[in-house]
Amino acid sequence: MIKGDGAQDAVDMLAEARSAQMLSEAESPGWIELVAPAKVNLVLNVGDRLDSGYHRVSTILHALNLHDTVFMRRTAAPEGSGLSVAAEVKGRGGVSVPEIASADNLAAKAVALLARAIGRAEDERVEIRIDKRIPAQAGLGGGSSDAAAALVGACRLWGVDPSSREVRDAACEVGSDVAFFLQGGCAAFAGKGDEFVRSLCASKRPVVLVKPERGVSTVRAYQAFDADPVPADGAVEAAFDEVGSADDVPLFNNLALASEGLEPELSAVRRWLEGRCGAGRALLCGSGSCTFALCESFDEAVAVSVEARKHGWWSRATSLGSLKAAVVR
Ligand SMILES: C[C@](O)(CO)[C@H](O)COP(=O)(O)OP(=O)(O)OC[C@H]1O[C@@H](n2ccc(N)nc2=O)[C@H](O)[C@@H]1O
Ligand SMILES: Nc1ncnc2c1ncn2[C@@H]1O[C@H](COP(=O)(O)OP(=O)(O)OP(=O)(O)O)[C@@H](O)[C@H]1O
């Protein structure tokens, strides 16, 4: 639900109070707290469709300081009951969360996959609680980041090495963006988006995020791309191979046109942001429906965000950062 400025402030304050309550809960024995950052794709260069149905991509992803918070603990379960994983999601800071059944939650799926991969057969219950500040179906990778954080959390609870092959394989099986969140900062990935190529020097640049109410399904965006593919240009390929710093990456996303075709409001958001932050500074986040724009200062990002909310759009001022899925407490 989109709210006006005053209502938004009240919701933010209430969310912080509730969050503090959850933190003290997490401080009780057995709970660990993890950070699960959002991402943007500075470059998303979609190529051929592979036999697997996935597309070959070259992408440069960057973590944001906007993040979900994931709480986890394990408790004993009756003998013979095996492993059960329960995940619960609560929207924070004005983010409304779709109904996600525990078994469908990407964080719960990731933990179950890892247990299978390492042959863990204890009778136990793993509980996951997610404070969600990253909107869903936004192209910000929220579900994927929660999954990466849950993998890191399970490693801590079970004494598993988070850099092990089993963790990497479980990440790739859950989704193509998950591997990035284990890496964090700014990094180039290839394959279906899950093959690490190299790290780039991360930026701290302020950004503003703007999302219309409706989301975009990633599957539908790639289908629309196939119906009318947009080729990458040579300069983008060179940047993918050579640029060393996030601040020097030229923004590019050849999936954006397909998403804009599915959701015409996305072009309006992009044009509106270009008018405020400058041409070439605004880009769709992955498959959308969120668009980000690079700003000169945090003050500018806040001012644009306040304006965007007046249009009924969800918006946040944040910045690029070096976060990755990690235990914080
Ligand atoms: C748009 C991006 O977010 C950019 O980082 C990713 O490419 C998508 O990442 P994701 O949400 O983790 O996507 P996945 O859960 O792996 O895939 C969802 C669906 O998107 C399509 N998909 C995804 C990645 C890819 N390289 N090619 C695809 O065609 C497939 O139809 C797939 O079934
Ligand atoms: N923990 C989770 N958080 C958010 N969505 C989840 C989660 N687990 C499962 N989902 C499902 O995944 C769908 C996509 O959610 P997500 O927020 O990751 O989208 P996205 O930002 O477009 O992803 P991406 O950028 O990786 O394409 C949601 O519609 C929801 O049904």
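Which residues does the UniProt annotation "active site" cover? I started there, keeping in mind that this is a predicted model.

**Entry 1: the active-site pair**

The record, an unreviewed UniProt entry, puts "active site" on Lys39 and Asp177.

I took Lys39 next and found it in strand 1. Is Lys39 buried or exposed? I get 28 C-beta neighbours inside 10 Å, so Lys39 counts as buried. Leaving aside neighbours within four places in sequence, I listed its contacts: Leu61, His62, Ala63, Leu64, Leu140, Gly141, Asp177 and Phe180.

Then Asp177, which sits in the loop between helix 4 (165-174) and helix 5 (178-183). Asp177 is buried too, with 28 other C-beta atoms within 10 Å. Not counting residues up to four places away in sequence, Asp177 touches Lys39, Gly141, Ser144 and Gly193. I note that Gly141 turns up in the contact list of Lys39 and in that of Asp177.

**Entry 2: ligand 1**

I looked around ligand 1 and found 20 residues surrounding it.

**Entry 3: ligand 2 and the annotated stretch**

Which residues come nearest to ligand 2? Of the 22 around it, I have Leu106, Ala136, Gly142, Gly143 and Asp146. Helix 2 and helix 3 are the elements that give two or more residues to this shell. The largest share, 4 residues, comes from helix 3. Sorted by class, the shell around ligand 2 has 10 polar, 9 nonpolar and 3 charged residues.

I went back to the unreviewed UniProt entry, where "binding site" covers several residues, among them Ala136, Gly142 and Gly143. I checked both glycines. Gly142 is found in helix 3 and is buried, with 28 other C-beta atoms within 10 Å. Beyond four places in sequence, Gly142 is in contact with Ala38, Asp68, Lys132, Ile134, Pro135 and Ala136. Gly143 is in helix 3 as well and counts as buried, with 27 C-beta neighbours inside 10 Å. With residues up to four places away set aside, Gly143 touches Leu106 and Ala136.

Gln137 also carries the "binding site" annotation in the record. I marked it for its backbone: phi is positive, about 50°, although Gln137 is not a glycine. Its place is in the loop between strand 4 and helix 3 (142-158). Gln137 is partly exposed, with 18 other C-beta atoms within 10 Å.

**Entry 4: strands 3 and 4**

In which sense do strand 3 and strand 4 pair? I find strand 3 (residues 83-91) and strand 4 (residues 124-132) parallel, over 9 bridges. Ser84, for one, has Arg125 in strand 4 as its bridge partner. I also logged the handedness: strand 3, helix 2 (residues 106-118) and strand 4 make a left-handed β-α-β unit.

**Entry 5: a cis bond**

Last, I noted that the peptide bond from Gly288 to Ser289 is cis, with omega near 20°. Ser289 lies in the loop between strand 9 (282-284) and strand 10 (291-294).

Definitions and conventions. Residues are numbered from 1 along each chain as its sequence is written. Chains are lettered from A and ligands numbered from 1 in the order in which they are written. This is a predicted model: local features need pLDDT of at least 70, side-chain atom pairs count only at pLDDT 80 or more; totals for chains, interfaces and linings use all residues. Two strands pair if DSSP finds at least two bridges between them. A crossover is right-handed if, with the strands pointing away from the viewer, the path from the first strand over the helix to the second runs clockwise. A residue is near a molecule or strand if its C-beta atom, placed from the backbone, lies within 6 Å of it. UniProt positions are given in the numbering used here, feature names are shortened, and annotations may be inferred rather than shown by experiment. A residue is buried if 20 or more other C-beta atoms lie within 10 Å of its own, exposed if 12 or fewer, and partly exposed in between; C-beta atoms are placed from the backbone. Two residues are in contact if their C-beta atoms, placed from the backbone, lie within 7 Å. Ala, Val, Leu, Ile, Met, Phe, Trp, Tyr, Cys and Pro count as nonpolar, Asp, Glu, Lys and Arg as charged, and the others, Gly among them, as polar.
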